[in-house]
Amino acid sequence: MTAYKRKQLGYSLTALAGACLLLMAAAPVTAADTVSPAAIIQTSENTAESPSPRLPRWLRQLLRVSPANAAATTNASEFVGQSVPGSLQPGKTRTVSVTMKNVGSTTWTGGGNYKLGTQNPQDNRRWTGVTRIYLAPGENIRPGQNKTFTFGITAPAKPGTYDFQWRMVQEGVEWFGAFTTNVGIIVDTTLINASQYVGQSVSGSLKPGETTGMSVIMRNTGTSTWTRASGYKLGSENPQDTKKWGLNRVYLSDGEEIKPGQTKTFTFDITAPTKPGAHDLQWRMVQDGVEWFGEYTLNVKIRVDDLKVIWNDAYFVAQVVPTVRAPGETKRVSITMRNIGFSTWTRADDYKLGSENPQDNKEWGRNRVYLSDGDEVKPGKTKTFAFDITAPTTPGSKDFQWRMVKDGDNSGWFGDRSINRVIEVTGEQEPPDRSRFGVVAAPGIGDDPSRVDRVQALGVGWVRVAYDWNDMQPTRNGPIQWDLAERIVTRLSDIGVKIYWDFSYAPGWANGRPTNHGSDRTYPPLDQQDLYNFVHAVVTRFKGRVDYWGTWNEPNLPQFYKGSVYRFVARELPTTLRAIRDADPSAKIVVGELSSSRNPYGWLQRILSSARGQFDVISHHVYDGGDSCGGRTRMMDELRSKLVRWGFQDKPVWITETGLNESENRKSAFLTCFYDQMETRPWWTKTFWYRLEHEPGLNWSLLNRRGEPKQSYRTYQDYIRGGPRLATLPPTPLPSQTFWQDDNFDNLIVGKLNRQADWFRAAKRASAMVVPSDDGNAVELDPRAGTTIVMGKDIVDQLDGQHAFSLRVKVTGTDSPSVAKIEFGTRRNLGWDKKFQIFFGNSMRVNYGADGRAVQFLPATEPGRWYTIAGDIDLDRDILDIAVDGILAAQGIPIHPGPMTSLGLSAWDRPGAVTLDDFQGSRLDIE
């Protein structure tokens, strides 16, 4: 049919419809002509744009699509979003919101009868008692605008799952546009609100009106899921709902879900009262409109005083306390207190830790714990009291609580009490939990039954096995050699030990380097299908016997992976993840496997962001840290701080490699201390010791060259069985202190770095806050948009020429002079004689060389949009790679050779023209 004929037919149908309309208007309305309320909305108004509901349905539809009426069908809406609880108790009321966008050509008004109407089924009253939500009087929602309908709902009285869905309607005309996403809200009488206080970080003294940050960690121990839409918040206590600290509620983020068993860290600012004195600070979980619930936080009395002269005061930091003990059993505990007064605690002055609840009780065998001779706990310092307790001889629930005391004068008891722990004294020993302990074993464990016996006697619950692709499939198209792998899996499974298997290294036939040189296996495969086929085959073979699978070993080290982070997250990582999931959808995936010794955080953030939603566990290898327990523990707390900041706080962390190449005495002491630290940090759930077998010329192993246990083996064995522990370090409160290389540009801390003698800054705009350090050399700067901040410092080349950085950039100015830059200096001789600069503005580029040569990696920027910029600097090859929003934008930019020695960053011109945020860089040690 031609277009002309179609058009003529349309006019004919219109004429016919008009004739029918006239005839029916004159005819009486019969029951057969009426339309039920379920099929169409009743109204007293009918216009030419809205065919009368008295007309037959076929005619009304015809009139709406005819050429004469086509321009009238202009109602359209788009569903934008909603805030709706996933569950409610029967009869409970909540406030919800639904946002719709007008994508038609009409303007929505109350007078025009535009409303939000219930669906599923249409016109139901189950949630509101009515079927419509109205616009506000006088409100006009024009084309392109959003409308958020906010209203209350009440859960049905009968438990069950009830649909919640809406759609726009013009009363008397039509339902139109998109449906909201249907939500099946669970109405359940068994939903229980419960919470456990985990910890907090807050200053012990403030000036009147001073603002400071604090954090509170709570664990969901109930059966309901905490969401912002359901009204879950942190609320102030002592007294309840007080605003003495500037706020009485701390909110969850939009879309955040804290499920049963998970923890939530609330990070927020408080402002001290203006009246001096000791003010209570305490919090508790609340579901607004329902109830306050769960444990209170530890009450903190914060001293508000201009002088802050409080001689004796203490702040409780942490403790390691048993949970189940047999009557009369002796165990090691530790309690850490910080001196926040002005006196110095010494043994000679009779400062001690004393028992509480009730005060001076000896239920646990003692009522005082002494400082050591020579101890001087100065203001601001912490003291960990590590001591033995003996369980009462009578089973039951026993309180365990302590507080600082100064005996011998009128000072008496002072400061915080430790958190009271109720210890269940039972009639039997607590069985050892083997699930937190592992060991790294070589593939030869499958051929040596004596090593399997050693693993069983050691008592670990896990073995990490890395039987490489290079060894299992040495020739292209050749069969995979399963014999040794089968023996490994079978023998470990027979003794009840679980296996974590990570995939690493490509054979020469797959990576194009078929020589006998062993390091060639570290080149990535040329064809990703080869990697997929191997991983898929292994997971398929051992599905049900091996549940946890990992990715490439330490890809951030060139000796283990010859490729960039961009290649890894674009190719090897997604290929491995897809192959594992395709072979076993129920498999658990572990990502990371990065070495702490070379820029792990730049790699780790990219890996986690790329694999988001596709993995279950984050793994890490912890070495460095001065090869000390304290140093490596600080690295763990730094890692945790990063994960919280990146939004991965709910993922468990496994240390799949750590160890010490030292004497047996040092190894044993380190092993005990390091595992103690794991016990105090619930997010850190497993540690695998490197390693089981002897290596010639090295002393990492638990067995000697004859396969016999060393001292460190016996120490590990005793620890797993619940033997004596050493004194422990307290966990670092979250969020941990951040330095310049991991900052958000509005809290920039600069301090003495790598023996650098002094600092300079061009802006001369330091804030009043001075951050104390042992040498008094750290200050806090506060660069804002429109303020020039230039810093310079020498950077010792700790990372063998490998550096990385990332930041976010937003350009809001429109003129070309609006610019910010980061400037790096590299040298062979002293001075800033060789440098390169990265400019951010209307375009983005890298300038290098004395003649100002440039490489443009982003030709234009969109005003107001945030861009994430990431760079890898490889001074071994003298090149720079730049990625924008995770996509490689420029590769192999030449830069001057020599170790990186300095860094400067600047932001200037009109306020708000260029905003730099969330800067992160290579790990550098603050002295």
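Where does Pro 239 lie? Pro 239 is in the loop between strand 15 (232-237) and strand 16 (249-251). Helices (H or I, at least four residues) and strands (E, at least two) are DSSP runs, numbered from the N terminus. The model is predicted: local features need pLDDT of at least 70, side-chain atom pairs count only at pLDDT 80 or more, and totals for chains, interfaces and linings use all residues. Residues are numbered from 1 along each chain as its sequence is written, and side-chain values use heavy atoms, with hydrogens and water left out.

The peptide bond from Asn 238 to Pro 239 is cis, with omega near 0°. Asn 238 lies in the loop between strand 15 and strand 16. Its phi is near 60°, a positive value in a residue other than glycine. Asn 238 is partly exposed, at 30% relative accessible area. Buried means under 20% relative accessible area, exposed over 50%, and partly exposed in between (1.4 Å probe, protein chains only). A cis bond, with omega near 0°, also runs from Asn 120 to Pro 121. Pro 121 is placed in the loop between strand 5 (114-119) and strand 6 (132-134). Asn 477 has a positive phi, near 65°. Asn 477 sits in the loop between helix 4 (469-472) and helix 5 (483-494). With a relative accessible area of 72%, Asn 477 is exposed.

The chain holds 12 helices and 52 strands. Of its 927 residues, 51% are buried. Contact means heavy atoms within 4.5 Å. Among contacts between residues at least 6 apart in sequence, 71% join residues at least 24 apart.

A nonpolar core is a set of buried Ala, Val, Leu, Ile, Met, Phe, Trp, Tyr and Cys residues joined through side-chain atoms within 4.5 Å. The largest core has 89 residues, of which Trp 501, Trp 549 and Tyr 716 touch the most other members. Helix 8 (residues 565-583) supplies the largest share of this core, nine residues. A second, separate core of 52 residues includes Met 218, Met 337, Phe 387 and Trp 402. Residues up to four places away in sequence aside, Trp 501 touches residues including Val 465, Tyr 467, Phe 542 and Trp 549.

Helix 7 (residues 528-542) also meets helix 8. Their axes come within 8 Å and cross at roughly 35°. Axes are lines fitted to C-alpha atoms, for helices over the stretch in contact, and angles run from 0 to 180 degrees between N-to-C directions. Among the contacting residues are Leu 531 and Tyr 532 of helix 7 and Arg 571 and Ile 580 of helix 8. The axes of helix 10 (residues 629-646) and helix 11 (residues 664-679) come within 10 Å and cross at roughly 25°. This contact includes Cys 629 and Met 636 of helix 10 and Phe 670 and Gln 677 of helix 11.

An open sheet of three strands has the order 1-3-8, with antiparallel pairing. Its edge strands are strand 1 (77-83) and strand 8 (146-154), each pairing on one side only. Two strands pair if DSSP finds at least two bridges between them. Strand 3 (residues 93-102) pairs with strand 8 over nine bridges. Thr 154 in strand 8 is the bridge partner of Thr 93.

Ile 419 lies in the loop between strand 28 (412-417) and strand 29 (421-425). Ile 419 counts as buried, at 13% relative accessibility. Ile 419 and Leu 298 are 121 residues apart in sequence, yet 6.8 Å apart in space, C-alpha to C-alpha.
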